[in-house]
2 protein chains.
Amino acid sequence: MTAAMPRPAALIALDWGTSSLRAYRMGPGGDVLDTRHLPWGIMRLPTPPADGPAPAMPASGFELAFEQACGDWLRASPGLPVIACGMVGSAQGWAEAAYLDVPVDLRDIGARLTPVDTRRGATLHIVPGLLQRQGLPNVIRGEETQVVGVVSGEPDAGDDLLVGLPGTHCKWVRVQGERIVGFDTFMTGEVYGALRGHTILGRTMSDAAAPDDAAFQRGLEIAGSELGRGGVLSTIFSTRALGLTGQLAPQAQPDYLSGLLIGHEVCALRELLDARGMPSRIVLCGEEDLCRRYARALPLAGLPAPRLAGQGAERGLWRLALAAGLVTDTQAAS
Amino acid sequence: MTAAMPRPAALIALDWGTSSLRAYRMGPGGDVLDTRHLPWGIMRLPTPPADGPAPAMPASGFELAFEQACGDWLRASPGLPVIACGMVGSAQGWAEAAYLDVPVDLRDIGARLTPVDTRRGATLHIVPGLLQRQGLPNVIRGEETQVVGVVSGEPDAGDDLLVGLPGTHCKWVRVQGERIVGFDTFMTGEVYGALRGHTILGRTMSDAAAPDDAAFQRGLEIAGSELGRGGVLSTIFSTRALGLTGQLAPQAQPDYLSGLLIGHEVCALRELLDARGMPSRIVLCGEEDLCRRYARALPLAGLPAPRLAGQGAERGLWRLALAAGLVTDTQAAS
């Protein structure tokens, strides 16, 4: 290699989900040297160019995306270990990384990576998802890595923590003494998109120039009040009825609906926690604006005000690579 | 007119909704002589033919649909009164028939029809929708007419009745002593369609050859059990998780999801009725297969087993035409 990298790398970490791929080049202390955000989620991979002579062994979409994400990093530092989490390990992914059952010790997840050989000779190590068999079955894939990252950054990791991961599906993961003991899934984000895009509620809405905090708050409060007793299948219709009666402007309706849905979610979460016991703390992990919405909602439902912890995936991938022996802890982690 | 109709007609009644138009030619006792089902809902009206000379005053989509629904009936019996209910009276309809506030006496609805002159000289009389201002606002348009029809057929009309009208939106209308005192809306049917067609839940589903009663029952029971405590935003994800773990076949998933949604709806309805007081009876009005699903769900939530009452719109339109003086009650109603 002639082009020397300015700083030494120790790990390539990929957060590879359904709709996008984030690649991190990390230094020997777990610090992020470089980041790439590519649109190559596992449901929208690149396709090989149709022109030119067909290669003897055509590259798959996964190989092409992998090459774009980190091919040059691997050329510059041959032998650099690579770890990945998320839907890349699902049955529709590059290779299936079988679920681990909960309860599971956070430190054991890194010992169960699934290796995949790539065309360029590097080995990709895929993090397993988690499966909860008790009660209604539930699965998680990618969020377990964020939880590992969050817990590693907590001051008193190991007591009794609830980690909320808002997104298309919001996961609530209970961590007790370095063990993930269980989790819940709420499809709130995806339901919001489906209601807005594919039901009559979208017809009276228009886009707001800026987030409408008051409309969001109004939805939250209704969901948590006696007016919310009919549940989410009922209250959502008030978005339209308030609009028809001139009490909710078209551009206020999206945030009002968001408030209703998140409000019903945190009220249901409260019910679950009342039955199971309250955690000592709640931490939120994910996109900041969405986490702020949940941070407003939780205290209204009588739950503790949460700490916001950022995304967490790259920290979790580093921790899991350490546990797997892909990197060594010769320097202090950031 | 040269073509004499075999039996005399007294009324043309139109049940004109968002996605379809049902037309009834009714005899002097309120008996249905003829029925037509046309695809001309107010959101998908016919368009005038583009070829040929432009008429001096082009017919609107409403006029064209009206002509197809009952033009020949009116030619055969000039002066026949015409009444219509449903979204044809909405702001997006032919003419807006302003909402009446609840509580409202069933007998007063017929006194508040909105007349619309048509090109062929007939007057269309549109039934008003109902508006509930108390609590979260709510609206109904079309179902009020079905309720009038159902109540007219009840043995002890006038005591304390809850009329359920399953469909895209399920309406639950409380009738006490010939008065509609209030109603609730659940968007269950439309949410089902949006979840199935536009979320990840649809990806693992396949169509069933026949309704899967066991899968529907399983969804109902989970919604009403401790497993349903997380609410509908949470339990719906079990459709996928049960599938991923081999516990729910792809063709069983649609009816399982239907059971979850209807189960959560009737549990929420039970909560509302516990707060307001139980009705003495429940009657279901609508498409038979869907009503049978609700009839299974209600007793599981501790609610009375309902009576199934058919569709009701044509009976309601006849009753309202009587109340409006458009027809006279010279013969016994069917």
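The lining of the largest cavity divides into 12 nonpolar residues, no polar and no charged ones (Ala, Val, Leu, Ile, Met, Phe, Trp, Tyr, Cys and Pro count as nonpolar, Asp, Glu, Lys and Arg as charged, and the others, Gly among them, as polar). The structure is a predicted model, in which local features need pLDDT of at least 70, side-chain atom pairs count only at pLDDT 80 or more, and totals for chains, interfaces and linings use all residues. Residues are numbered from 1 along each chain as its sequence is written, chains are lettered from A and ligands numbered from 1 in the order in which they are written, and side-chain values use heavy atoms, leaving out hydrogens and water.

A search of the whole structure turns up 1 cavity of 30 Å³ or more. A cavity here is a set of points, on a 1 Å grid over the protein atoms alone, where a 1.4 Å probe fits but cannot get out, and its lining residues have an atom within 4 Å of a point. The volume of the largest cavity is about 70 Å³, taken as the space filled by probe spheres set on the points. Both chains contribute to the lining, with A:Val191, A:Leu195, B:Val191 and B:Leu195 among the residues. Helices H4 (188-198) and H6 (232-235) of chain A, and H4 (188-198) and H6 (232-235) of chain B, each supply at least two lining residues; helices are DSSP runs (H or I, at least four residues) and strands likewise (E, at least two), numbered from the N terminus.

How are the two chains related? A rotation of 180° with 0.0 Å of shift along its axis superposes chain A on chain B, with an RMSD of 0.0 Å (least squares on the C-alpha atoms of residues with pLDDT of at least 70 in both). The two copies are thus related as by a two-fold rotation axis. Of the residues of chain A, A:Ala194 comes closest to this axis, at 2.9 Å for its C-alpha.

Turning to chain B, helix H10 (residues 313-324) has 12 residues and reaches 16 Å from its first C-alpha to its last, close to the 16 Å expected at 1.5 Å a residue (1.5 Å times one less than the number of residues). Its buried residues (under 20% relative accessible area, 1.4 Å probe, protein chains only) include B:Ala313, B:Leu317 and B:Trp318. Just after H10(B), B:Gly325 takes a positive phi of about 80°.

B:Gln146 belongs to helix H3 of chain B and is buried, with a relative accessible area of 14%. Beyond its neighbours within four places in sequence, B:Gln146 is in contact (heavy atoms within 4.5 Å) with residues including B:Leu165, B:Cys285 and B:Ala313.

Definitions and conventions. 1 Å grid on protein atoms, 1.4 Å probe; cavity = no way out; pocket = protein on both sides within 12 Å on 5 of 7 lines; lining within 4 Å. Buried < 20%, exposed > 50% of the residue type's maximum accessible area, 1.4 Å probe, protein only.
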